[in-house]
Amino acid sequence: MPEKRSITICPAAEFPPGERRIIDAGDGRSIGVFNVHGKYYALRNLCPHEGAELCRGLVTGMNAETTEVGEYRWTREGEILRCPWHGWEFDILTGRSVFNPNQVRVATYETTVVESFEVGVDEGGMVTVLV
Ligand code: FES
């Protein structure tokens, strides 16, 4: 298994909650990095259905059942990614699909925020992803 590489995305100060970056890993993989409520998550930018650029889809939430029959409430706003082609939805935090989480998922990658002492880099470090 090849060793993992670290790819620097940008300073954390320039990557606020609710934003995403799409990066080229340099080996044919495209990866989407998301800031969800202040934490970074990375997913393969390839939908397991028919290969759309999943990470360019709508970031949204989902309906969840309540204890009342037939009642739902909107939840997890900003944590669900909807594929732009046919609407399959994925949990950005885990890569698992909403409709079949144990069998349909997209690859995830570890992210870190690395402190940097480079001139001009603000406090908060650099967002990196391990691929
Ligand atoms: S290609 Fe993503 S849902 Fe069809």
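I count two residues as in contact, or touching, if their C-beta atoms, placed from the backbone, lie within 7 Å. With that, I looked up isoleucine 92: leaving out residues up to four places away in sequence, it touches Phe34, Val36, Tyr41, Leu43, Glu79, Ile80 and Leu81.

Notes on the model: it is predicted, so local features need pLDDT of at least 70, side-chain atom pairs count only at pLDDT 80 or more, and totals for chains, interfaces and linings use all residues. Numbering starts from 1 along each chain as its sequence is written.

Next, the overall build. I found zero helices and 10 strands (DSSP runs numbered from the N terminus; helices are H or I, at least four residues, strands E, at least two). The C-alpha atoms fill a box of roughly 55 × 30 × 25 Å along the principal axes.

Then I checked a sheet. It is open, with four strands in the order E2-E3-E4-E8 and antiparallel pairing (strands pair if DSSP finds at least two bridges between them). Its edge strands, E2 (20-24) and E8 (108-109), each pair on one side only. Five bridges join E2 to E3 (residues 30-36), and arginine 20 has phenylalanine 34 in E3 as its bridge partner.

Last, the core. Which residues touch the most other members of the largest nonpolar core? I got Val33, Tyr41, Leu43, Leu54 and Ile92, out of 22 residues. A nonpolar core here is a set of buried Ala, Val, Leu, Ile, Met, Phe, Trp, Tyr and Cys residues joined through C-beta atoms within 7 Å; buried means 20 or more other C-beta atoms within 10 Å of a residue's own, again placed from the backbone. E3, E4 (39-44), E6 (72-82) and E10 (126-130) each supply at least two residues of this core.

Technical notes: A residue is buried if 20 or more other C-beta atoms lie within 10 Å of its own, exposed if 12 or fewer, and partly exposed in between; C-beta atoms are placed from the backbone.
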